[in-house]
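Visitor: I'd like to go through the charged side-chain contacts. Can you walk me through them?
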Amino acid sequence: MSILKDIRKNKLLYLMLLPVLLFFGTFHYVPMYGAIIAFKDFSPRLGILGSPWAGLEHFKTFFEGIYFWRTLKNTIFISVYDLIFGFPAPIILALLLNEIKKTMFKRSIQTITYMPHFVSLVVVCGMIKEFTASNGLVNDVIAFLGGERLSLLLESQFFRAIYVSSGVWQHIGWGTIIYLAALAGIDTEQYEAAKIDGAGRWRQTLHITLPGIMPTIVILLILEMGRMMNVGSEKIILLYNPTVYDTADVISSYVYRMGLQEFNYSFSSAVGLFNSAINFALVIGSNWLSRKLNDTSLW
């Protein structure tokens with residue numbers, strides 16, 4: 001009854017919420033019904049309900065296959081590298097921008113760093129291919145410094161570095177928005193009191209700024225943990241090639257090849273479901289650990 005009363009009281013707010021609920025319901029929850037094909041030998045002719053059950057056969061095939069450890073290892077490595085280098089980058093940039101006093105210069109830096117986020121991923125990958133080609137800009141710098149020209153995307157040892165660094169470049173500016181908003185909410189009187197006590201900018205950052213945005217950092221870290229295994233398949237598919245599969249092939253790109261190129265829908269659904277289960281466990285575990293350590297959590 002209290003929910004119905006609240007809906008009647010805030011009709012317009014719930015009306016604004018309705019498109020969001022419809023979007024997530026249509027594109028995120030309704031399709032979950034199709035996950036059962038991971039336990040079936042799915043045939044488009046027979047449909048989901050008419051296809052025979054296979055149990056855990058597709059999961060066993062994946063776990064015992066030659067690509068299991070390769071895709072799992074690559075997914076974990078790229079995710080960890082992205083977490084180590086990509087997650088702190090917006091925080092550092094936001095802290096640096098927060099120290100800039102000249103508004104015009106600050107806004108110029110923000111605009112420049114925001115722009116790559118709005119560039120199409122296809123265009124970004126095309127730029128990366130051009131820059132890392134043997135006659136590209138990166139190789140021009142390497143040759144100028146006395147190095148040897150290489151087609152970097154054909155060298156497996158460079159793929160992860162290219163993937164992570166280009167991701168940092170593309171999203172660092174956009175990621176600062178929420179941290180700058182959190183910084184704006186810190187009481188300025190704390191800084192004034194710290195100055196009176198003789199604290200410099202570095203100590204103010206350590207004892208006021210970082211603790212002030214720590215709840216935001218923790219929440220975003222928990223959300224990032226829930227996406228760790230979802231390494232962007234689109235970007236990898238646009239960049240990789242068979243010569244770098246040993247370091248570039250991840251679970252999501254493997255699902256793409258098995259499902260859309262080889263039409264093995266049940267097997268690819270089983271692999272995708274396994275990947276989603278790991279993400280679910282990571283977000284639950286990180287949320288529980290965060291709640292135990294600092295009383296900050298998603299729920």
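Guide: A salt bridge here is a side-chain nitrogen of Lys or Arg within 4 Å of a carboxyl oxygen of Asp or Glu. This is a predicted model, where local features need pLDDT of at least 70, side-chain atom pairs count only at pLDDT 80 or more, and totals for chains, interfaces and linings use all residues. Residues are numbered from 1 along each chain as its sequence is written, and side-chain values use heavy atoms, with hydrogens and water left out.

Visitor: How many salt bridges in the whole structure?
Guide: The search finds 5. One of them pairs D249 with R70, at 2.8 Å from N to O.

Visitor: Where do D249 and R70 sit?
Guide: R70 is in helix α5 (residues 68-86) and D249 is in the loop between α14 (245-248) and α15 (251-261), so the pair ties together parts 179 residues apart in sequence. Helices are DSSP runs of H or I, at least four residues, numbered from the N terminus.

Visitor: Is D249 buried or exposed?
Guide: Buried, with a relative accessible area of 0%. Buried means under 20%, exposed over 50%, and partly exposed in between, using a 1.4 Å probe and protein chains only.

Visitor: What about R257 and D249?
Guide: They form a salt bridge too, with the closest N and O atoms 2.8 Å apart. Both residues are buried. Through shared partners, R70, D249 and R257 join into one network.

Visitor: Switching topic, which residue does R227 bridge to?
Guide: To E224, with the closest N and O atoms 3.1 Å apart. R227 is partly exposed at 46% relative accessible area, and E224 is partly exposed at 22%.

How values were computed. Helix = DSSP H or I, 4+ residues; strand = E, 2+ residues; numbered from the N terminus.
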